[in-house]
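Visitor: I would like to learn how to read a structure of this kind, one feature after another. Could we go through it together?

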Amino acid sequence: MDADLRDLLMAWGGGPLEDARYEALLARLRSDAAFRRECARQIHMLGMLKVVQAPSPRWLRLEEELRSDLLQEEACASAAPGVEQRVMEALERTATPGRGKGLEWMAALAAVGVVLAAVGAWMIWRQTSAAVVPLHLRETLGVVVQTERVIWDPSTEFRPRQDDLLEPGWLRLRSGRISLALFNGVRLHVVGPAAIQLRSLSHVYCESGRLAVHVPPQSEITDFTIASPGAAIRDLGTEFGFNVSPDGSAEVMVFRGAAEASVLAPNGTTLRSEVVEERAPVRVVPGRGVIEPAALPPERFVQPPRVEARPLRLSADYARAVQQAAPWSYWRFDQVTAGRVANAMEGGPPLRVFGTVAFREVGPGNRAAFLDPRVNEPYLQTETLWAGPTGEYALEFLFSSEQYKNSALVGLLTPEDHHLALVELTARDPEHLVHKPGTLRYVQRVPPATYGGVNLFSTRVFFPYRWHHIVAQYRAGRMEMYIDGVLAAAAPADAPQQSFPCHVLLGWLRHRPNPPEDVRSLAGYLDEVAVYGRALDPATIATHAALAGCGGE
């Protein structure tokens with residue numbers, strides 16, 4: 001059998017192939033009509049029509065994996081007649097029905113049926129996938145942050161790429177590494193071969209493999225468990241490695257913090273448990289019902305990788321475009337002297353640095369403020385008050401977060417510690433607001449207050465380690481939130497009828513939160529923060545997003 005045909009049939013059936021091999025097969029499919037016909041004939045002979053008709057056909061998964069442009073968007077509306085005509089014409093050129101050729105003709109027609117059924121199913125899938133399912137109706141758990149040389153097990157139907165949303169289900173790797181960020185702030189780093197099942201935001205099951213797990217402090221998440229066939233690890237706010245062997249035994253090493261390990265009885269309940277301290281590895285042996293100390297070297301466990309923010313592709317014209325829009329203040333974080341960030345607008349107040357804020361290069365000739373909440377409560381605030389808006393206003397900035405956590409980005413805060421406006425990231429579900437975690441929230445309170453107001457939540461999630469351009473503004477009688485140049489949410493709201501003097505506060509909720517630990521500190525970057533005493537029009541917002549390298553996504 002032709003080697004290309006063999007590999008394509010293997011991929012059709014779910015077998016693993018390298019990306020370069022996929023692309024080579026697609027190229028031949030596009031250019032070699034005889035090869036296409038033979039593929040159709042072989043698929044029919046293998047009885048793969050049943051696969052095409054299945055609810056989740058592997059042919060569609062193959063198309064999704066390859067991101068094939070074999071059928072172009074422009075042809076979708078009339079693809080069936082065009083494809084049918086072209087295939088029939090090809091068959092008429094290569095076979096004429098008659099005595100002695102009836103079986104061959106029937107086989108050819110059957111092959112055409114396979115192709116048309118696949119094309120039809122693919123068209124339906126394309127049209128269905130193009131319709132955006134509202135985020136609040138989808139059971140999404142997180143996103144893929146990074147993949148490295150991943151080869152999936154053939155039994156895995158869902159094979160996500162970087163920035164793909166994660167839903168409950170199995171992920172089975174033959175090899176490679178994948179890093180996941182869950183909306184509750186948990187981060188998982190999985191090295192193949194491995195098989196894990198994402199069950200919920202609070203429960204992950206590992207059938208086999210090696211993982212590194214980062215769980216935020218209990219002030220941010222109170223319940224997360226990772227289980228295996230005979231063990232369960234309840235995290236107490238930590239980083240740890242977890243290895244599960246085919247025989248069901250498990251190994252645990254805590255890198256930072258502490259975790260509670262349980263050995264499970266045959267009915268799945270806890271038989272015995274103990275707290276695992278830092279650098280004191282243990283082995284959980286379900287067959288003997290014990291948790292025992294083990295002399296295991298750190299390199300036996302997956303080490304959490306250092307994932308860096310993607311470079312900020314900021315155009316040299318971005319700052320000029322913002323200044324031409326005449327903001328009240330504009331901070332670029334490229335000039336920091338004596339703990340103060342210079343204002344790019346003449347006469348504008350500087351930002352004062354509190355705690356430890358680093359200023360790092362995030363692109364050629366461009367620096368941004370990096371805030372790490374583990375280090376000395378970092379935030380930035382204007383030294384003097386802004387008179388505040390008496391109608392329209394806009395907050396514009398760029399951010400890149402390192403994790404999903406409730407994080408204040410930019411706020412207008414009065415001396416009484418009340419918010420006029422706040423833009424923040426969401427993670428875990430709060431007790432009193434209805435929304436999906438992993439989205440952005442913009443709240444306006446007129447008059448300023450610590451609760452209430454009008455809320456806007458985005459209908460798309462933000463992606464860790466990726467830069468996003470944000471505009472939150474009051475314009476023409478309504479609040480608007482733009483993400484990467486596109487209107488994400490809008491709602492009618494009352495305009496500020498009088499000015500409320502306020503500070504601009506970055507990376508921190510407020511100074512006297514209740515409860516005291518609810519400071520919602522940002523873990524990540526802020527850059528190009530501008531505050532306007534007027535609203536921006538959609539064209540200007542789209543232009544700024546494009547100049548920031550964030551438009552059109």
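Visitor: Leaving aside its neighbours within four places in sequence, which residues is S407 in contact with?

Guide: Before the answer, a word on the source: this is a predicted model, in which local features need pLDDT of at least 70 and side-chain atom pairs count only at pLDDT 80 or more, while totals for chains, interfaces and linings use all residues. Residues are numbered from 1 along each chain as its sequence is written, and side-chain values use heavy atoms, with hydrogens and water left out. Contact means heavy atoms within 4.5 Å, and on that reading S407 is in contact with E424, L425, R520, S521 and L522, once the neighbours within four places are set aside.

Visitor: Where does S407 lie, and is S407 buried or exposed?

Guide: Helices (H or I, at least four residues) and strands (E, at least two) are DSSP runs numbered from the N terminus, and S407 has its place in strand β21. Buried means under 20% relative accessible area, exposed over 50%, and partly exposed in between, with a 1.4 Å probe and protein chains only; S407, with a relative accessible area of 0%, is therefore buried.

Visitor: Which backbone oxygen lies 2.9 Å from a polar atom of the S407 side chain?

Guide: A polar contact is a pair of N or O atoms within 3.5 Å; within protein, one must be able to donate a hydrogen and the other to accept it, and residues adjacent in sequence count only if both atoms are side-chain atoms. Here the backbone oxygen is that of K405.

Visitor: What can be said in the same way about S400?

Guide: S400 lies in strand β20 and is buried, because its relative accessible area is 1%. Not counting residues up to four places away in sequence, S400 touches A309, Y465, R466, W467, G524 and Y525.

Visitor: How many aromatic pairs does a search of the whole structure find?

Guide: A pair of aromatic rings is described by the distance of the centres and the angle of the planes. Rings of Phe, Tyr and Trp (its six-membered ring) pair if their centres lie within 6.5 Å, and planes under 30 degrees apart count as stacked, over 60 as edge-to-face and the rest as tilted. The search finds 11 such pairs. One of them joins F183 and Y404, whose ring centres are 4.9 Å apart and whose planes meet at 85°, so this pair is edge-to-face. The pair links distant parts of the chain, 221 residues apart, with F183 in the loop between β3 (169–182) and β4 (187–200) and Y404 in the loop between β20 (393–401) and β21 (407–413). F183 is buried, at 1% relative accessible area, and Y404 counts as buried at 1% as well. F183 and Y404 form one aromatic cluster with F399 and F462.

Visitor: Which residue lies over the face of W170?

Guide: A charge sits over a ring if NZ of Lys or CZ of Arg is within 6 Å of the ring centre and within 35 degrees of the ring normal. R172 lies over the face of W170, at 4.2 Å from the ring centre, and R360 lies over the face of F370, at 3.9 Å.

Visitor: How many helices and strands are there in the chain?

Guide: The chain holds 9 helices and 29 strands, and 52% of its 553 residues count as buried. Among the contacts in the chain with a separation of 6 or more, 59% are between residues 24 or more positions apart.
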